[in-house]
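Open the model in your viewer and keep the selection tool at hand. Each stop below tells you what to pick and what to look for.

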Amino acid sequence: MGVKGLQYFMERCCPESCVTVNLRDMARRHLSSDSTTSPTLVVDGMACLRHWYSCKDWVCGGQWKEYMRILSSWIERFTSAGIKLVFFFDGVVEEKKRSEWVKRRLRVNGEVSKVFRYIKLHGEQPGKPLFCLPSGLATFTRFALRSLGQEVFCSVQEADYEIACYARRHGCMGILGQDSDFIIYDSSPYLSVAKLRLDCLTTVLYDRQRLCRAIGLYVSQLPMLACLLGNDVVPEQRMHTIRSNAMGAYRKKNVGALQEQMVFAVSEFVSSLWGREEKETGLIPQSLNLPAADRFLLEKGLCSYLLPAQDTPQQDDTAPLTSGLGFEEYVSPEIFKACREQHVSADGFMVYNVLCEGLIECSNSLEDEEEDELPPQAVIYKPCRQHIYGLLLLNRGDDSGTEELPAIREWFVYPGNPLKEPHMVQPVPVSFPCERPSLHVLWFGSGPDVSTLRLTSFFSIFNCLEFAECYGVVEDTLLAALCLVTYIALQVPSLCSEDVNAYLSQAVCLSLKSPQELQRIKLPFLCTRAVQLGSLYVRGLSHLLGANCASGCPLPSAAFMPWHSFDGRLFHSKYLLAHSAIDENVLLDNHPSLSLFVQLREKLIEVCKKRNRVLHSRPRPNRLDQSHRAQYRDGHRARISGVDDNWREQGAATAGGWSERGQSSGGNDRETAQQRRGHRRGGRGLYFHSHVRPPPTNVNTSSRPEQTHSRWRPSTGRHQLAPRWGQPPAHGAQAHPNRESRGAED
């Protein structure tokens, strides 16, 4: 949020403090003054998301391949100018900001509702005023930047503070972001990402020295100005009386002064405090008459701007390794240390927040509050989160009871959740077919047995243990997609065979498409259910990532990245085709990958049947599509017929996945299953453990007779009808469908 109104004031009333700069020139000057360090920009990643995601489609779940290309091009602009980039992302939401976080999330919920109403009315994506970032963008962008060779950090406290600390400590050329707090910190120059012109690498520098000269303050007095104006620590209303009195005094001397000159008025007041209290040594002059609670809050706000090695008292830029929530009883210091290191280096997800904070949050997703059949995403993925918590807190290798386990606080945004308080979610043990391993063994152990345990842990979290036998036979990305779609099918009774076909066909076909081809996909109309299913899939990928980190990383993180297994436009296209009763050859673009698709689907159906879940065919015509359905189906057939022969020539070399000899074929950048298994002997885990393909897993799962009823009723409980999703059901209770800026903090 930054300082209330400060940046607007600088642009409107103090334009001399907003200086257009050329970043190439700044880099050259930096090198001439300090040849020992490369010119470095510290980038506030959260502030850049809306500028990075410029893809045409956003409502269908994201065009992730195109997004990767945009990020790569953006980075290249700076590296070609000799500028190093270091990225920071929010890793936690501090409790002092929780109320503001809640207000923003509820506001975005209202905007999401408008998005769905627009689609229902017009059958197309709404315009820019209703733009929402795709689900999981912040989470996956961290991994995207790392895969592009960039240095990325995830904060353990306030990200703005850590950015300012890093920039000051390393003598960086500047901070690229969009938060007026960077004007207040005594750190590197603050550069605007909103004003950035990438073609010529120019932007606006908000010059704190020029600002101080214009308003008559010393730089050291800027924190007091920020707190009296209102910031993330000191709410605007708490200092309202002081600002009103200051504005009244200012208007007596400047008749007709406008409200936008509030900064001038408060600056005069701040200056007068120090003028008549020259010997004052405390942070707050005694003459500033405030109630004790407001004085304490103001002092807290002033301290928040003090960086290490500046005036005392100061913040410590390292967070404690333990949370003080009682988790030390369940996890060793080595585990705490490892998960913190993984979190800070942006190489992990979910684990740090659970073990060291006892809390996780999830921002808004594209969910239709009027949808009766699809439960909220938070409800759908709650069982797997409970198993992740159980794996992290229960697997000590003994038979310790679970009565006193601490609950995890969940702040998950979904329709019907007022976010007045977190949901307290209990960990649930992961069922192992063998003796339960300790978390220490999963994370730090080595050898083929441990590799098997990691895979067993991962797939057990999603109740898909049978898929462990597919490791090394199915391409990692497709194996992850198969696991996710199966889990969704088990959790969502309304999911039909057409939905499964859409999910699997787009995962199989994605590797055959270039970003340009994906952009050229024509959608005759949009379906709100497909929009929601696309968002559900991407959110599920982040849960796969969290489960993988908790299990000791049996699969590479790349297997869960959406640019390898999902594209919004492609999925929406496959969804419309699948629900048009189209031939499967056409659904798979008449490509040889049809056999791979069929084998994946058969494996999914097999696992579902073991759990008494029968997928039914349920084509869903859209009310807008009656005049378009046949035209779209026939047009798609016509488009692919012209390239059918050419694609057939590519053969299995580009199909990827499952072949008769157990080899994974999928283009020049894919290894055979045998090569990958050999490579994995070198090790991969949280700390580079060795991996081998586990033996086929025998699962003692008794199968009841198949039901012909369309609703799946798991043995652990029943779906309960409810008018709204006010609270996620307990673990095992299937949620019966009837009714879930820093624009994205996930």
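Begin with the aromatic rings. This is a predicted model, and its aromatic pairs number 29. Select Phe459 and Phe467. How are their two rings arranged? The centres lie 6.4 Å apart and the planes meet at 80°, so this pair is edge-to-face; the planes of such a pair must be over 60 degrees apart. Both Phe459 and Phe467 are buried. Now widen the selection. Phe459 and Phe467 belong to one aromatic cluster, together with Tyr381, Phe458, Phe462, Tyr487 and Phe560.

Next, look for charges over rings. Select Arg98 and Trp101. The charged end of Arg98 sits over the Trp101 ring, 5.0 Å from its centre. Then go to Arg385 and Phe412. Here Arg385 lies over the face of Phe412, and the distance to the ring centre is 4.0 Å.

Move on to the nonpolar cores. The largest has 168 residues. Which residues have the most contacts inside it? They are Trp52 and Leu355. Select Trp52 and show what surrounds it. Leaving aside neighbours within four places in sequence, its contacts include Val43, Gly45, Tyr67, Ile70, Leu71 and Trp74. Phe87, Phe89, Thr141 and Leu145 are in contact with Trp52 as well.

Now pick helix 11, residues 240-253. Its 14 residues reach 21 Å from the first C-alpha to the last, close to the 20 Å expected at 1.5 Å a residue. Colour its buried residues: Ile242, Arg243, Ala246, Met247 and Tyr250. Where do they sit around the axis? They cover an arc of only 130°, which puts them on the same side of helix 11. An α-helix has 3.6 residues a turn, so residues three or four places apart point the same way. Turn the view to the other side of helix 11, where Thr241, Asn245 and Lys252 are exposed.

Last stop: helix 12, residues 262-275. Select Ser271, which has its place in this helix. Ser271 is partly exposed, because its relative accessible area of 30% falls between the limits of 20% and 50%. Gly216 and Ser271 are 55 residues apart along the chain, yet 7.3 Å separates their C-alpha atoms. Beyond its neighbours within four places in sequence, Ser271 is in contact with Gly216 and Leu217.

Terms used:
Residues numbered from 1 in each chain as written. Predicted model: local features only at pLDDT ≥ 70, side-chain atom pairs only at ≥ 80, totals over all residues. Heavy atoms only, no water. Core = buried A, V, L, I, M, F, W, Y, C linked by side-chain atoms within 4.5 Å. Buried < 20%, exposed > 50% of the residue type's maximum accessible area, 1.4 Å probe, protein only. Contact = heavy atoms within 4.5 Å. Helix = DSSP H or I, 4+ residues; strand = E, 2+ residues; numbered from the N terminus. Phe/Tyr/Trp six-rings, centres within 6.5 Å; stacked < 30°, edge-to-face > 60°. Lys NZ or Arg CZ within 6 Å of the ring centre and 35° of its normal. Expected span 1.5 Å × (residues − 1). Arc of directions from axis to C-beta.
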